[in-house]
Amino acid sequence: MAESSEPDEGIELSYRAALRGAGALLHQGVEGKAKRRRGRSQSAWVNLKAERPEFVDWVERFERYSGIRNELRLGLVRKVGEAEARQLVCLVEDFLAVVEADLGVLPAVA
């Protein structure tokens with residue numbers, strides 16, 4: 001995964017990559033099943049926790065970054081430290097490796 005020169009941008013890009021990985025896992029889970037839209041949460045993390053309970057630990061880790069990411073997007077946080085951004089990059093790299101192992105290959109969505 002490419003690292004950004006700005007920690008704020010690194011948080012956003014890394015978080016998006018994690019969301020794509022979660023989406024790939026959720027997509028795999030609905031193949032062959034009727035897709036349920038009504039009453040389903042819009043949160044990839046909530047859906048992943050419900051549909052793939054083996055990923056609950058990962059979900060909890062990424063939920064910690066959800067608030068930071070939302071604050072950055074709304075302009076409520078001025079700067080995120082490089083160390084915090086790097087931690088998320090490493091977390092995403094590890095998560096995507098687990099996703100790849102679970103799926104056999106990493107789909108194009110991630």
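User: Among contacts between residues at least 6 apart in sequence, what percentage join residues at least 24 apart?

Analyst: The model is a predicted one, in which local features need pLDDT of at least 70 and side-chain atom pairs count only at pLDDT 80 or more, while totals for chains, interfaces and linings use all residues. Residues are numbered from 1 along each chain as its sequence is written, and side-chain values use heavy atoms, with hydrogens and water left out. Among contacts between residues at least 6 apart in sequence, 68% join residues at least 24 apart; contact means heavy atoms within 4.5 Å.

User: How many helices and strands does the protein have?

Analyst: There are 4 helices and 0 strands, and from the N terminus the elements run α-α-α-α. Helices (H or I, at least four residues) and strands (E, at least two) are DSSP runs, numbered from the N terminus.

User: What makes Glu-9 partly exposed?

Analyst: Glu-9 is also placed in helix α1. Its relative accessibility is 41%, so Glu-9 counts as partly exposed.

User: Which residues are in contact with Arg-69, leaving aside its neighbours within four places in sequence?

Analyst: They are Ile-11, Glu-12, Tyr-15, Arg-16 and Leu-19. Arg-69 belongs to helix α3, and a relative accessible area of 10% makes Arg-69 buried.

User: How do you know that the buried residues of α2 are on the same side?

Analyst: In helix α2 (residues 44-51), the buried residues include Ala-44, Trp-45, Asn-47 and Leu-48. They cover an arc of only 165° around the axis, and are therefore on the same side of α2; the arc is that of the directions from the helix axis to the C-beta atoms.

User: Why are α2 and α3 called roughly antiparallel?

Analyst: The axes of α2 and helix α3 (residues 56-74) come within 9 Å and cross at roughly 165°. Axes are lines fitted to C-alpha atoms, for helices over the stretch in contact, and angles run from 0 to 180 degrees between N-to-C directions. Angles under 35 degrees count as roughly parallel, over 145 as roughly antiparallel, 65 to 115 as roughly perpendicular and the rest as oblique. The pair is therefore roughly antiparallel. Trp-45, Leu-48 and Lys-49 of α2 make the contact with Val-56, Val-59, Phe-62, Glu-63 and Ser-66 of α3.

User: Where do α3 and α4 come together, and at what angle do their axes cross?

Analyst: The axes of α3 and helix α4 (residues 82-103) come within 11 Å and cross at roughly 145°. Residues in this contact include Trp-58 and Tyr-65 of α3, and Leu-88 and Phe-95 of α4.

Methods: Buried means under 20% relative accessible area, exposed over 50%, partly exposed in between (1.4 Å probe, protein chains only).
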